[in-house]
Amino acid sequence: MNRQFSFFVILILSLCSSLSAAKTTETYMDVNQMKRNAAQEALKYIPDNVTLGVGSGSTVNILIEELATVKHKINATVSSSKETTKRLKAAGFTVLDLNSVDEVNLYIDGSDAYNDLKQLTKGGGGALTQEKIVASASKEFICVVDETKQPSVLGTTFPIPIEVIPSARSLVAREIVKLGGQPKYREGFVTDNGNVILDVYNWEINEPISLEAQVNQITGVVCNGIFAARPANKIIVGTQDGVRLY
Ligand code: 5RP
């Protein structure tokens, strides 16, 4: 009787665990499909003969796969990270140094958070400096996100990364505390430029343009993840059923 009971309990437990694994896979697939929906919509905005700036992150990785269908429109690309360069080259695209390009016609990148003014926060993957450089050099900036990201007060849903010269890490952290943030050193992470990242938590950013400029003034800061001085021109949100445009 006891053995039968144990067998029954084990059977129920393993059924529950299979159901929960299936649910996790389903959720994961849904988010990727939302990212793909956003990426596919972005393809419609790519003009002929484009020099295309390409961001970084999981949504952009899907975009790079999708770019194969509009390869004939793309003269060259400008990359925002070593990882993106590797993926673009593997997909057969020419990757140019920004210094050798007169103008980037369009930049497409993801974001960690955005607000109603299309101001963003970025750098979850640590590529914020090169991303901001390419965004600043681009005529148009399209941001692609999935619908798990909703418009919000910047800083409240995702920490703000700051790229810092390694020797200035503590100095910058103290200055950020004075500005009301809670900086945390991103352990074991080195940026493409050989620097470190401080992720700033619990920072409700009500004046993104002025805070972006203020943080840039701190000695030792290379770049910060507030993208407000140069916001996106368009945000494409991939949903379960299609896309929403801002
Ligand atoms: C990398 C970034 C990414 O664009 C941002 O983190 C969003 O990434 P994902 O598309 O994986 O959600 O800024 O530095």
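Helix 4 is largely enclosed by the rest of the structure, because 7 of its 9 residues are buried. A residue is buried if 20 or more other C-beta atoms lie within 10 Å of its own, exposed if 12 or fewer, and partly exposed in between, with C-beta atoms placed from the backbone. In helix 4, the buried residues are Leu-128, Thr-129, Gln-130, Glu-131, Lys-132, Val-134 and Ala-135. Helices (H or I, at least four residues) and strands (E, at least two) are DSSP runs, numbered from the N terminus.

The structure is a predicted model, in which local features need pLDDT of at least 70, side-chain atom pairs count only at pLDDT 80 or more, and totals for chains, interfaces and linings use all residues. Residues are numbered from 1 along each chain as its sequence is written. The predictor's confidence in each residue is its pLDDT, on a scale from 0 to 100. The chain has a mean pLDDT of 92, and 88% of its residues reach 70 or more. Confidence is highest in strand 1 (residues 50-54), at a mean of 99, and lowest in helix 1 (residues 2-43), at 67. Two residues are in contact if their C-beta atoms, placed from the backbone, lie within 7 Å. Where pLDDT is low, the predicted coordinates should not be read in detail.

The chain contains 6 helices and 14 strands. Of its 246 residues, 41% count as buried. Among contacts with a separation of 6 or more, 75% join residues 24 or more positions apart.

The ligand is surrounded by 17 residues, and the closest are Gly-57, Thr-59, Gly-110, Gly-124 and Gly-125. Helix 2 (58-66) and helix 4 (128-136) are the elements that give two or more residues to this shell. A residue is near a molecule or strand if its C-beta atom, placed from the backbone, lies within 6 Å of it. The shell divides into 2 nonpolar, 11 polar and 4 charged residues. Here Ala, Val, Leu, Ile, Met, Phe, Trp, Tyr, Cys and Pro count as nonpolar, Asp, Glu, Lys and Arg as charged, and the others, Gly among them, as polar.

Gly-110 is found in the loop between strand 4 (104-109) and strand 5 (113-114). Gly-110 counts as buried because it has 26 C-beta neighbours inside 10 Å. Leaving aside residues up to four places away in sequence, Gly-110 touches Gly-55, Gly-57, Thr-59, Val-60, Cys-143, Val-144 and Val-145.

Strand 13 (residues 234-238) has 4 of its 5 residues buried, so it is largely enclosed by the rest of the structure. Two strands pair if DSSP finds at least two bridges between them. Strand 13 pairs with strand 7 (residues 138-146) in the parallel sense over 5 bridges. In this pairing, Gly-238 of strand 13 stands opposite Asp-146. Strand 13 and strand 14 (residues 243-245) run antiparallel and are joined by 3 bridges. Val-237 stands opposite Arg-244 in strand 14. A hairpin of 4 residues links strand 13 to strand 14.

In helix 6 (residues 208-216), Pro-208, Leu-211, Glu-212 and Val-215 are buried. These residues lie on the same side of helix 6, because they cover an arc of only 105° around the axis. The arc is that of the directions from the helix axis to the C-beta atoms. The cover over the buried residues of helix 6 includes strand 8 (160-164), strand 11 (221-224) and strand 12 (226-227).
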